[in-house]
Amino acid sequence: MNSTDIKLDITKVENSRIDQVDFDNLKFGKINADHMMYCDYIDGEWQTPKIVPYGPMEIEPSAKVFHYGQAVFEGMKAFKDEDDQVWLFRPEQNFERINKSSKRLAIPEFPKDYFFNSLKTLLELDKDWVKKGGGNSLYIRPFVIATENGVSASESDQYRFMIITCPAQAYYNKPIKVIFAQEFSRAADGGVGYAKAAGNYGAQFYPTKLAKAKGLDQIIWTDASSHEYLEEAGTMNIFFRVGDKLLTAPTNDRILDGITRKSIIQLAKDNNVEVVVEKVSVKEIVKAAKNGELKEIFGAGTAATVVRVEGFEYDGEYYDLPTIDEPYGTFFKKSLQDIQYNRVEDPHGWKMKAF
Ligand SMILES: Cc1ncc(COP(=O)(O)O)c(C=O)c1O
């Protein structure tokens with residue numbers, strides 16, 4: 001595909017804001033690059049995508065997104081290599097997933113050529129906002145909101161698909177402490193847990209706030225019916241190393257099918273690490289923590305890549321994890337970043353050149 005395939009309306013900024021940004025002290029998600037993309041769905045059709053300077057937009061208070069939460073999003077990153085080439089990591093997966101999420105929320109699917117053409121054009125325009133190396137990236141946030149006016153409780157007949165971007169440094173620069181959920185739930189069978197629906201995240205903030213008040217960083221969600229099986233963290237999938245085996249829950253309709261997760265499972269296979277994709281019980285993890293077999297827990301997701309868990313709370317008790325030599329987490333993080341920053345071969349064809 002090239003940029004002449006799809007018509008885009010482009011309005012460039014007159015003056016870039018890039019010189020006002022301190023790229024060494026970024027707060028995740030707070031600063032946006034110069035341009036954004038939007039595309040409206042009106043009369044049953046996606047209109048011409050527009051690229052415009054990032055900024056506020058007008059939307060009526062009765063727009064359905066404000067009342068019924070009909071909104072989905074994605075999170076992806078662009079990386080710059082030493083030769084100033086910009087790369088995306090498995091972006092087709094994000095594209096497919098936003099449409100899967102949209103379908104569950106009765107939002108019309110977005111065309112693939114519109115998505116990639118506008119994303120690539122946006123990245124080319126804002127390429128100076130993608131910084132090289134050291135955990136730097138341009139975080140990309142595609143999202144869709146219901147824009148029809150009127151507070152009747154029904155699906156919207158108008159939508160806006162948007163892409164905004166923000167320069168990012170490493171998300172967590174320290175290990176995290178977690179709690180295994182025993183009271184609240186993130187998702188239920190037949191629900192929207194597998195979708196990146198905005199409401200899934202809003203509903204996590206209160207339980208997470210309670211966890212933070214106890215000095216913990218994140219919740220590891222368990223299955224809603226029994227709280228006996230460990231599923232995922234708020235914005236990450238989760239891996240456990242018991243002995244030399246790597247355990248992670250299978251995805252289902254409560255769990256987000258993470259791209260980092262599936263890449264780590266593949267890398268583990270490539271490197272002869274035994275991966276067990278089966279339900280992970282709280283009991284077996286607590287037992288392994290007590291008898292010293294639990295060597296690592298780490299979270300995996302686009303924002304953080306891989307983050308080490310230093311300990312967990314369950315049933316009022318806190319379990320410290322050991323600090324070990326050559327953790328799997330560090331190995332997988334480096335392996336992924338080496339591919340993302342184009343430092344090594346990419347045997348699975350995961351990278352896509354941005355423009
Ligand atoms: C709930 C949830 N689980 C897992 C992930 C990790 O998915 P990915 O690796 O595709 O970023 C995310 C982030 O996107 C998430 O929001």
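Modeller: Remember that this is a predicted model. Let us start with Asp43, which is exposed at a relative accessible area of 74%.

Biologist: Why is Asp43 called exposed?

Modeller: Exposed means over 50% relative accessible area. Asp43 has 74%, so Asp43 is exposed.

Biologist: Where is Asp43, and what is said of its phi?

Modeller: Asp43 is in the loop between E2 and strand E3 (45-46). Its phi is near 50 degrees, a positive value in a residue other than glycine. Most residues other than glycine have a negative phi.

Biologist: What makes Thr305 buried or exposed?

Modeller: The cut-off for buried is under 20%. Thr305 has a relative accessible area of 6%, so Thr305 is buried.

Biologist: How do you know whether Glu74 is buried or exposed?

Modeller: By the same cut-off, under 20% for buried. Glu74 has 1% relative accessibility, and therefore counts as buried.

Biologist: Where does Glu74 lie, and what is it in contact with?

Modeller: Glu74 lies in the loop between strand E5 (71-73) and E6. Leaving aside neighbours within four places in sequence, its contacts include Asn94, Arg97, Tyr139, Arg141 and Lys196.

Biologist: Why is Val13 called partly exposed?

Modeller: Buried stops under 20%, and exposed starts over 50%. Val13 is at 22% relative accessibility, in between, so Val13 counts as partly exposed.

Biologist: What does Val13 touch, and where is its place?

Modeller: Its place is in the loop between strand E1 (9-10) and strand E2 (35-42). Val13 touches Asp34, His35 and Pro53, not counting residues up to four places away in sequence. Val13 and Lys245 are 51 Å apart in space, C-alpha to C-alpha, and 232 residues apart in sequence.

Biologist: Now the helices. At what angle do the axes of H6 and H8 cross?

Modeller: The axes of helix H6 (residues 259-270) and helix H8 (residues 328-340) cross at roughly 105 degrees and come within 10 Å. Angles of 65 to 115 degrees count as roughly perpendicular. That makes H6 roughly perpendicular to H8.

Biologist: Which residues meet there, and how do they divide by class?

Modeller: From H6 come Thr260, Ser263, Ile264, Leu267 and Ala268; from H8 come Phe332, Ser335, Leu336 and Ile339. By class, this contact of H6 with H8 has six nonpolar, three polar and no charged residues.

Biologist: How many cavities of 30 Å³ or more are there?

Modeller: The count comes to two cavities.

Biologist: What makes a space a cavity or a pocket?

Modeller: In a cavity a 1.4 Å probe fits but cannot get out, whereas a pocket is open.

Biologist: Which residues line the largest cavity?

Modeller: Among them are Met76, Lys77, Phe79, Asn94, Thr260 and Thr305. Strand E6 (76-80) and H6 each give two or more residues to this lining. The largest share, three residues, comes from E6. By class, the lining has four nonpolar, five polar and one charged residues.

Biologist: And which residues line the second largest cavity?

Modeller: Arg186, Ala187, Trp221, Thr222, Glu231, Glu232 and Arg254 do. They divide into two nonpolar, one polar and four charged.

Biologist: What volume has the largest pocket, and what lines it?

Modeller: The largest pocket has a volume of about 1,000 Å³. Its lining counts 41 residues, of which Phe28, Arg141, Tyr171, Tyr201 and Thr235 lie nearest its centre. By class, the lining has 20 nonpolar, 13 polar and eight charged residues.

Biologist: Which element gives the most to the lining of the second largest pocket?

Modeller: H5 does, with three residues. About 240 Å³ of space lies in this second largest pocket. Of its 16 lining residues, Ile179, Gln182, Glu183, Phe184 and Lys214 lie nearest its centre. The lining divides into 10 nonpolar, two polar and four charged residues.

Methods: Residues numbered from 1 in each chain as written. Predicted model: local features only at pLDDT ≥ 70, side-chain atom pairs only at ≥ 80, totals over all residues. Heavy atoms only, no water. Axes fitted to C-alpha atoms, helices over the stretch in contact; angles between N-to-C directions. Helix = DSSP H or I, 4+ residues; strand = E, 2+ residues; numbered from the N terminus. Parallel < 35°, antiparallel > 145°, perpendicular 65-115°, else oblique. Contact = heavy atoms within 4.5 Å. Nonpolar A, V, L, I, M, F, W, Y, C, P; charged D, E, K, R; others polar. 1 Å grid on protein atoms, 1.4 Å probe; cavity = no way out; pocket = protein on both sides within 12 Å on 5 of 7 lines; lining within 4 Å. Points joined across faces, edges and corners; volume = space filled by probe spheres on them. Buried < 20%, exposed > 50% of the residue type's maximum accessible area, 1.4 Å probe, protein only.
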